[in-house]
Amino acid sequence: SEPWPSSPEMLRGKRVIVTGASSGIGEQMAYHLARMEAHLLLTARTEAKLQKVVERCLELGAASAHYVSGSMEDTTLPEVVVKEAENIWGGLDMLILNHIGHSYFSFFNGDVGHVRKLLETNFVSYVAMTTHALPMLKESEGNIVVVSSMAGRAASPFLAPYSATKFALDGFFSSLRHEFIIDKVNVSITLCILGYIDTENAIRAVSHAIRDTPAPKEECALEIIKSGVLRQRELNYPSQGLGNLLLLRAIAPDFLDSLIRSNYKVENIRR
């Protein structure tokens, strides 16, 4: 991959939207971008948390920092956020799609309504944000960064609704990438395939039932930003191991499935 400059020049003054930015990986991305002196527009559900993140970003050196609070279950929010970027900056250089709706970690409970609602938050809102942002991104020849998961490439048990939404991201954005190339649209699409990361939400949801050690969210956040700026097609993080698992999926899928199942303490899963 291309070298990553130790100085923040590549992002200084760039206009960046980060979704799901009040905690976890999104919050860490906001802090990295602030240190790189980018202009930030952050969105998430919790206004009080967002305000604190914005204050911290300004302390860390962000060129500017703004927020829009709201839930991506609200189908009007994607347009509202992108319009806000247009009103503040008149343009956009990078769209980082990172938010997720709340799901459960357990055997599939047959709740079809939950799957439908989760698709709206985890998938349809990503499509909507991209659609609204595309005119500005075409103008700036910018970047779209889509945060996905190993569960969107090789399915795991106990994550059926969540996994479905992540597979959908791969399908949509990989298809869109083809169309950009055909139409000579110079906007990069980076799909980030993440393993188990030490965010509070992930640890609370799965630590009782998974044998893996989580990877650090701070480093993960920086790798996501790097991969977007360098216009990489895909990021696998943590890279060690994840790439091998994805290779196994192509050549020995049943073996991979058994490896995945062996990583779970099934006795600790509440039905």
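These questions and answers walk through a predicted model of one protein chain.

Q: What makes the protein chain as compact as a globular protein of its length?
A: The secondary structure comes to nine helices and seven strands. The radius of gyration of the chain is 18 Å, and the globule rule gives 18 Å for 271 residues, so the chain is as compact as a globular protein of that length. Along its principal axes, the C-alpha trace spans about 50 × 40 × 35 Å.

Q: Why is Q28 called buried?
A: Buried means under 20% relative accessible area. Q28 has a relative accessible area of 13%, so Q28 is buried. You can find Q28 in helix 1, residues 24-35. Leaving aside its neighbours within four places in sequence, Q28 is in contact with K217, E218 and A221.

Q: Why is I193 called buried?
A: The cut-off is again under 20%. I193 has a relative accessible area of 1%, so I193 is buried too. I193 lies in strand 6. Its contacts, neighbours within four places in sequence left aside, include S148, M150, R153, E234 and L242.

Q: How far apart are I193 and A128 in sequence and in space?
A: The two are 65 residues apart in sequence, and their C-alpha atoms are 21 Å apart in space.

Q: How much of the protein chain is buried?
A: Buried residues make up 49% of the 271 residues. As for the accessible surface, it comes to about 13,000 Å², and 51% of that belongs to carbon and sulfur atoms.

Q: What makes a set of residues a nonpolar core, and which members of the largest one touch the most others?
A: The members are buried residues of nonpolar kinds such as Ala, Ile and Phe, joined through side-chain atoms within 4.5 Å. The largest core here has 50 residues, and I17, I144 and F173 touch the most other members. Elements giving two or more residues to this core include helix 3, strand 5 and helix 9. Helix 4 provides the largest share, nine residues. Apart from this core lies another, of 37 residues, with I96, V147, C192 and A215 among them.

Q: How do you know which residues F173 is in contact with?
A: Contact means heavy atoms within 4.5 Å. Leaving aside neighbours within four places in sequence, F173 is in contact with L97, Y126, T130, I144, V146 and I189.

Q: What share of the contacts with a separation of 6 or more joins residues 24 or more positions apart?
A: Such pairs account for 71% of those contacts in the protein chain.

How values were computed: Residues numbered from 1 in each chain as written. Predicted model: local features only at pLDDT ≥ 70, side-chain atom pairs only at ≥ 80, totals over all residues. Heavy atoms only, no water. Helix = DSSP H or I, 4+ residues; strand = E, 2+ residues; numbered from the N terminus. Rg over C-alpha atoms; globule rule 2.2 N^0.38 Å. Buried < 20%, exposed > 50% of the residue type's maximum accessible area, 1.4 Å probe, protein only. Areas by Shrake-Rupley, 256 points an atom, 1.4 Å probe, with all protein chains shown as cover.
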